[in-house]
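Student: I'd like to learn how labels are given to parts of a protein. Could we go through one together?

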Amino acid sequence: MILKYLFAKNEAIPVGSAAIFFGFSSILWFVIGTGLGSFNAAKLAFPDFVTGTEMFAFGHMRQVHVLAVIFGWISMAFAMAMMYITPILGNTKLWSEKLGLWNCMMWNIALATGLSLLWMGVTSGREYSDFPWPIDLGIAAFVTIPLATNVWMTIIKRRTQGIYTTNWFFAASTFMLFIVFLVGNLPEYFHLTGLTEAYMTWWFAHNILGLWITPVAAAIAYYVIPKVTGNPLYSHRIGHLHFWSIVVFYSTPAAHHLMSAPLPEWLKSFASVEGVLILVPAIAFVSNILLTMQGKWNMFVENIEVRFTVVGVLLAIPLNMQGGFQQTRSINWYIHGTGWMVAHAHLALLGFSTFLEAAAVYLGLQTLMKRKLYSLTLGNLHFWLLLIGFSTYWISMTIAGLIQGAGKIYEVPYIDVVIAEHPYMIARWLGGTMVFSSTLIWLYNMWMTAREGTVIPAGRMPHELAYER
């Protein structure tokens, strides 16, 4: 049905079509990404699982999993949130539903092409920027520019006097994503090698998280909590402190990723200090959202969107405590190159950001489709499977990382370390498989919501009807 609107006039396209298209695309990519993650975890837990086929080797599958999650699930959920929330906060319509639909279709095509090439072994070989350069340019042209154009033009065409905190983050992040994508992939465009290549690779990886994933996820919380609870944001000044301190402290040189490399010592020290200072925006964000919940904590139990949002916000506490202090030389020396880093990455992407994105997709799809959630029971099952599965993964990999760090420091034979961490690899697989199961349940629930969900009366919101029969 969406395809017929690609060549229709913008005025003839129903409001919210692009956001709905992005919402369901993001869930589908989440199913694919977590399915690949479960498969990869099984290969680490059971070394004889699916051997002898090059395309199913861990080295092929791992990068496909990572980029399917980052550019499929996370980034498409962000696009959905932007196309749903930005017009509402500007008291206007999305600047171009047609551009949004084309953006989503080209995004799916570019991502599917890029991941297929990775699966076949066509890769840049640089972590997080694994796509070959034609795909990078395709993503820059057909993904980042149309998205940024739609968001910026919608904000410019707003019918409100000011710009709310959420739209500040949306506008800045779409602009920075384009810059990070172009600059971070310079090693491939100009065949840079050696230390320059390594440094630019980790500058890209760090800033994709710091200037795209972290601020956009936070922006979602700034919208969902006041909207659903009915409480005004506790402090707009703290929101502005959060915004500007993200810009100043999170856009670090990223040299803390290469502490053992022969980079200038002043650059590594500067990156470490800046890294610890990310606690400033983190504390501002968490305190602002939790104080906004005053008098409405009962909704944490009663409302699924609030529950997902608050859990995501709470996970920002260990995320930023880890992120800040593991960038110091003493801690980095111990945990660098271990499973601790894998656990930390999943705390950011599967914990903090995923719970906030899920809240946006739940609220946005129900509101735009004007349909009440098909099954609250399945929604709750999704939440608990995701939370327990993620927690199992994070805790097991953190322990495995500490074992690996100790083995490295005390020069324990490698095979003894592998044997010691094996139970935690099994726990990792179990946790990842629970997460994959939760995404299948979610996809079914949202599909049934679109087909058979109770119609929401005009003037009502889905969270107001959650417990009505």
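Predicted model: local features only at pLDDT ≥ 70, side-chain atom pairs only at ≥ 80, totals over all residues.

Student: Why is K370 called exposed?

Tutor: Its relative accessible area is 52%, and exposed means over 50%, buried under 20% and partly exposed in between, with a 1.4 Å probe and protein chains only. Residues are numbered from 1 along each chain as its sequence is written, and side-chain values use heavy atoms, without hydrogens or water.

Student: Where is K370, and what is said about its phi?

Tutor: K370 is in the loop between α14 and α15; helices here are DSSP runs of H or I with at least four residues, strands are runs of E with at least two, and both are numbered from the N terminus. Its phi is positive, about 55°, although K370 is not a glycine.

Student: What makes N91 partly exposed?

Tutor: The relative accessible area of N91 is 46%, so it is partly exposed. N91 sits in the loop between α2 and α3 (97–119). Its phi is near 55°, a positive value in a residue other than glycine.

Student: How do you know that the span of α12 agrees with its number of residues?

Tutor: The expected span of a helix is 1.5 Å times one less than its number of residues. For the 22 residues of α12 (residues 304–325) that gives 32 Å, and the end C-alpha atoms are 32 Å apart, so the two agree. Helix α5 (residues 165–184) passes the test too: its 20 residues should span 28 Å, and its end C-alpha atoms are 27 Å apart.

Student: Why is α12 called largely enclosed?

Tutor: Because 17 of its 22 residues are buried.

Student: What makes N303 a cap for α12?

Tutor: A side-chain oxygen of N303 lies 3.0 Å from the backbone nitrogen of E305, at the N-terminal end of the helix. A polar contact is a pair of N or O atoms within 3.5 Å; within protein, one must be able to donate a hydrogen and the other to accept it, and residues adjacent in sequence count only if both atoms are side-chain atoms.

Student: Why are α7 and α8 called roughly antiparallel?

Tutor: Helix α7 and helix α8 (residues 236–250) pack at about 170°, with axes 10 Å apart. Axes are lines fitted to C-alpha atoms, for helices over the stretch in contact, and angles run from 0 to 180 degrees between N-to-C directions. Angles under 35 degrees are roughly parallel, over 145 roughly antiparallel, 65 to 115 roughly perpendicular and the rest oblique. The pair is therefore roughly antiparallel. Where they meet, α7 supplies residues including H206, L211 and Y222, and α8 supplies G239, H242, I246 and Y250.

Student: Is A171 buried or exposed, and how do you know?

Tutor: A171 has 12% relative accessibility, so it counts as buried. It lies in α5 and touches V151, W152 and I155, leaving out residues up to four places away. The buried residues of α5 are covered by elements including α2, α4 (133–156), α6 (186–189), α7 and α8.

Student: What makes a set of residues a nonpolar core, and which members touch the most others in the largest one?

Tutor: A nonpolar core is a set of buried Ala, Val, Leu, Ile, Met, Phe, Trp, Tyr and Cys residues joined through side-chain atoms within 4.5 Å. The largest has 140 residues, and F71, L115, F131, F285, F308, L365 and W442 touch the most other members. Helix α2 (residues 58–89) gives the most to this core, with 21 residues. L115 is in contact with W29, V64, L67, A68 and F131, setting aside neighbours within four places.

Student: Why is H382 called buried?

Tutor: At 0% relative accessibility, H382 counts as buried. H382 is in helix α15 (residues 376–409), and its contacts beyond four places in sequence are F308, Y362, S438 and W442.

Definitions and conventions
Contact = heavy atoms within 4.5 Å.
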